[in-house]
Amino acid sequence: MKLEEIKLEKKMSWKSRGFDSAPKSLISRKLTLLLCIGCFCAGMLFTSRMSTEPEEKGLFRRATMEDGRQNLIKEDCDQKTKDGKNGPRSILGEVSKTHHAVQTLDKTISNLEMELAAARATQESIMDGAPSSESTSKKRYLMVVGINTAFSSRKRRDSVRATWMPQGEKRKKLEEEKGIIMRFVIGHSATAGGILDKAVEAEDQKHGDFLRLEHVEGYLELSAKTKIYFATAVAMWDADFYVKVDDDVHVNIATLGTTLVRHRSKPRVYLGCMKSGPVLAQKGVRYHEPEHWKFGDDGNRYFRHATGQLYAISKDLANYIAINQHVLHKYANEDVSLGAWFIGLDVEHIDDRRLCCGTHPDCEWKAQAGNVCVASFDWTCSGVCRSVERMKEVHRRCGEGENALWSATF
């Protein structure tokens with residue numbers, strides 16, 4: 001009994017001092033659990049703040065920079081508006097300038113492509129045996145004047161040499177100082193190396209003023225000859241203009257040069273006395289057009305084209321003929337053929353009536369009025385009538401004077 005009382009007293013003594021073991025153990029477990037949960041929540045909160053705070057700061061920074069940029073643009077626009085430099089008219093002006101720049105670039109690219117194709121055509125023509133004695137020349141000339149002639153026209157050539165075409169050292173001086181090339185243009189006879197060819201070769205050795213073409217001469221082949229002339233000339237000489245004139249026409253070379261210089265900056269120029277004659281369907285008449293049906297019903301007229309006595313084309317058009325010579329169609333009349341080759345192209349047709357003056361007194365009246373003619377001939381003869389006998393007289397009365405050529409500046 002005493003033993004049990006002693007145990008009970010000890011137990012009460014521990015309780016009185018606060019050392020109850022069972023409740024203490026229970027409280028310790030709950031506290032640990034609460035601490036764990038608290039630490040977990042604190043960790044989650046800290047991690048969430050660490051992950052979202054930089055993004056929020058980045059967004060704020062980008063928003064600030066964007067606002068600053070918009071403000072700068074707005075200030076710049078406001079300033080330009082105040083200065084009158086960026087109004088609606090100014091914007092339209094900038095658009096117009098841009099459009100003009102694009103057009104200029106497009107034309108430049110087109111010209112480069114044409115020059116490249118011309119260079120290829122030149123190389124091919126040289127490889128095929130075309131004349132190349134002067135093709136290596138790099139000098140830029142004002143114009144190449146090709147005087148169309150025939151085997152039977154020796155006296156006509158001599159009349160031209162005696163009047164408006166300089167000879168010998170003067171012709172060389174004309175090339176070097178004025179940039180003007182002048183040649184009689186002729187092909188070959190049907191019998192290669194025959195008496196006609198030998199006669200021209202002898203004449204060329206004496207004067208040195210021929211351009212021989214890879215072409216068989218013939219009246220019905222004038223369109224082909226014209227095409228070959230331009231293709232050959234542009235391959236041999238680099239010039240601003242290429243001129244074709246008949247050997248029974250009087251020409252003032254200085255006036256021709258000053259006339260062409262006015263159009264030097266234009267890319268595609270076709271200059272002459274423009275006409276639109278009737279399409280002649282009747283066989284046996286002069287200038288009969290076998291392909292008249294292509295131009296419509298009977299009584300129709302041709303499109304505008306330069307009369308064949310004298311015309312000039314710019315380098316771009318000569319290159320075009322050289323590049324496309326194998327597919328350009330030939331009509332019966334060479335002036336019609338040339339005009340047809342330019343139909344559909346962006347070509348400026350220049351109608352200058354000084355290129356088709358009559359002989360005296362017409363040319364004299366115009367010269368007295370200060371309007372010197374470029375070329376003179378008689379319409380009834382499609383050239384100077386009886387040119388061999390009359391060319392000197394026409395030159396005396398219609399000519400510009402020798403000093404005009406050497407004093408001219410091109």
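Colleague: How much space lies in the largest pocket?
Modeller: This is a predicted model: local features need pLDDT of at least 70, side-chain atom pairs pLDDT 80 or more, while totals for chains, interfaces and linings use all residues. Numbering starts from 1 along each chain as its sequence is written, and side-chain values use heavy atoms, without hydrogens and water. A pocket is an open set of points on a 1 Å grid over the protein atoms alone, where a 1.4 Å probe fits, with protein on both sides within 12 Å along at least five of seven lines. Counting the space filled by probe spheres on points joined across faces, edges and corners, the largest pocket holds about 1100 Å³.

Colleague: Which elements give two or more residues to the lining?
Modeller: Elements are DSSP runs numbered from the N terminus: helices (H or I, at least four residues) and strands (E, at least two). The list for the largest pocket is β1 (140-148), α7 (222-236), β4 (238-246), β7 (305-314) and α10 (334-341).

Colleague: What are the edge strands of the open sheet?
Modeller: Strands pair if DSSP finds at least two bridges between them. The 7 strands, with mixed pairing, follow the order β3-β2-β1-β4-β7-β6-β8. Pairing on one side only marks the edges, β3 (210-216) and β8 (348-351).

Colleague: Which residue is the bridge partner of I186 in β3?
Modeller: Strand β2 (residues 180-188) runs parallel to β3, joined by 4 bridges. In β3, I186 is partnered by R212.

Terms used
1 Å grid on protein atoms, 1.4 Å probe; cavity = no way out; pocket = protein on both sides within 12 Å on 5 of 7 lines; lining within 4 Å.
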